[in-house]
Amino acid sequence: MPLLVMKFGGTSVADLDRIRNAAEKVKREVERGYDVIVIVSAMSGKTNELVGWVEQTSPLYDAREYDAVVASGENVTAGLMALTLQEMDVPARSWQGWQVPINTTSAHAAARFVSIPRENLDAKFAEGFKVAVVAGFQGLSHEGRVTTLGRGGSDTTAVAFAAAFAAERCDIYTDVDGIYTTDPRITSKARKLDRIAFEEMLELASLGAKVLQTRSVELAMRYKVRLRVLSSFEDTDENSGTLVCDEDEIMESKVVSGVAYSRDEAKITLFTIEDRPGVASAIFGPLSDAGVNVDMIVQNISEKDYDEAHSGAVTDMTFSCPVNQVARAKKAMEDAMAAGEIKYDDLIIDTDVAKISVVGIGMRSHAGVAARMFEALSAENINIKVISTSEIKISVLIDRKYMELAVQALHDAFELEKAA
Ligand code: ASP
Ligand code: MG
């Protein structure tokens, strides 16, 4: 039997009507001849409520009990989905993580998959069951305790099942109808993409296009799981949504596929640091130990060969990190200074910046993308504060107040409203 994985997120199972609507989509695929593994999230808002209850009960909670509580939201929707399907005469059975079993590490609240043995589900399909409804987001540690995968983890559950069961496709049903060239709330010219390459999606996901958990895209890329994002609020067919796939499956693509942004960035500069071997390591080691996610890094060329006050060459170092990690970053630098590991004359923090990135696999084979990007920003009089590039991405930091304008200008400059 060909097999499909269908995942329904929280808004798609928010109440009994929504569950019935989702079940109808599952039934349609069964009628087309598929065996289906359905992965469900908790009803929308449920996981937040459960997390809140844990935090109110025990501020420094035991992570094992946190997982025991927050995993329960998915148990409810799995059982209700199986019952709804049975009411529609579709033979369905629900599975909690431990029943499959979904074996994970014992890193509670951030567990990773170890293995998903097929035997139990395969045996049920062989008995004539058409649908296995699996609770997303949860697993079982080798100590025999319930684990969870981290917020948004049901996407990753879906991809892991698609890989383990060699599914034809993994359909992720959500409340948007696909992946767009940029956030449609910022420009009405944003266009839904028919296809996007894994690598592009990975850049967009990690830049805050919150449609898919980043880990699910990493896993899909590693196991070449064709992933489709589509809306459970619309009538859908085999051409709906956006297919996230290998770049070999994308015939025609534009040089730039999308413009992403990240609003809450901060820029920190250490002025007049020594320019000698080991300085970068003395700065970024403590930042990493403090759990600061450093993103862009710029080191100036040392302007003066010799600086009297420092008896050696000096330079400046700038880096960016999420705004809510600034206090931690500042403390790590001050502690390193106090311990004599680094020296700086000044530490300047700018918390009013945003990051804008253009992403596209076409950049590998086309020159001039950076020039076009900078020209478009300059035409709007937007000052660029930091630049960084990778093979398929160019990012800049700018003042946050120009964020929307920059996204619109770049969307226009690369003519993303037009299909390739
Ligand atoms: N219910 C979990 C959460 O809200 C997992 C998921 O929906 O992906 O994070
Ligand atoms: Mg989600």
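Here are some friendly notes on the predicted model shown above, going point by point.

1. **The overall layout.** Let's begin with the whole chain, which is divided into domain 1, covering 3–175, and domain 2, covering 259–418. Taken over C-alpha atoms, the centres of domain 1 and domain 2 are separated by 39 Å.

2. **Two annotated positions.** Which residues carry the "binding site" feature in UniProt? The record, an unreviewed entry, places that feature at Thr47 and Glu74. They span 28 residues in sequence, yet no two of their C-alpha atoms are more than 8.7 Å apart, so they gather at one spot.

3. **A look at Thr47.** You will find Thr47 in helix α2, which runs over residues 46–57. Is Thr47 buried or exposed? Its relative accessibility is 10%, so Thr47 counts as buried. Setting aside neighbours within four places in sequence, Thr47 is in contact with Ala42, Val70, Glu74, Phe137 and Arg151. Notice that the other annotated residue, Glu74, is on that list.

4. **A look at Glu74.** Glu74 belongs to helix α4, residues 72–87. With 3% relative accessibility, Glu74 counts as buried. Not counting residues up to four places away in sequence, Glu74 touches Val40, Ser41, Ala42, Thr47, Ala135, Gly136, Phe137, Gln138 and Ser154.

5. **Around ligand 1.** Now turn to the ligand and see what lies about it. Ligand 1 is surrounded by Ser41, Ala42, Thr47, Glu74, Phe137, Arg151, Gly152, Gly153 and Ser154. Both UniProt positions, Thr47 and Glu74, are therefore among the residues surrounding ligand 1. A polar side-chain atom of Glu74 lies 2.6 Å from a nitrogen atom of ligand 1, and a polar side-chain atom of Ser41 lies 2.8 Å from an oxygen atom of the ligand. Gly153 takes part through its backbone: one of its polar backbone atoms is 3.4 Å from an oxygen atom of ligand 1.

6. **Lys7 in strand β1.** Lys7 sits in strand β1, residues 3–8. How accessible is Lys7? At 7% relative accessibility, Lys7 counts as buried. Which side chain makes a polar contact with the side chain of Lys7? The partner is Asp155, at 2.8 Å. Leaving out residues up to four places away in sequence, Lys7 touches Ile39, Ser41, Ser154, Asp155, Ala158, Asp171, Ile172 and Tyr173.

7. At 35% relative accessibility, Gln86 counts as partly exposed. Apart from residues up to four places away in sequence, Gln86 touches Ala92 and Arg93. Gln86 and Lys7 are 79 residues apart in sequence, and their C-alpha atoms are 18 Å apart in space.

8. Finally, look at strand β12, residues 242–245, which is covered on both faces. Thr242 and Val244 are buried on one side, and Leu243 and Cys245 are buried on the other. In a regular strand, side chains alternate between the two faces of the sheet. How do β10 and β12 pair, in the parallel or antiparallel sense? Strand β10, residues 195–197, pairs with β12 in the parallel sense over three bridges. Strand β11, residues 227–231, pairs with β12 in the antiparallel sense, again over three bridges.

Definitions and conventions. Residues numbered from 1 in each chain as written. Chains lettered and ligands numbered in written order. Predicted model: local features only at pLDDT ≥ 70, side-chain atom pairs only at ≥ 80, totals over all residues. Heavy atoms only, no water. Buried < 20%, exposed > 50% of the residue type's maximum accessible area, 1.4 Å probe, protein only. Helix = DSSP H or I, 4+ residues; strand = E, 2+ residues; numbered from the N terminus. Pairing = 2+ DSSP bridges. UniProt positions renumbered as here; feature names shortened; annotations may be inferred. Contact = heavy atoms within 4.5 Å. Domains from an automatic or database assignment. Near = heavy atom within 4 Å. Polar contact = N/O pair within 3.5 Å; in protein donor to acceptor, adjacent residues only side chain to side chain.
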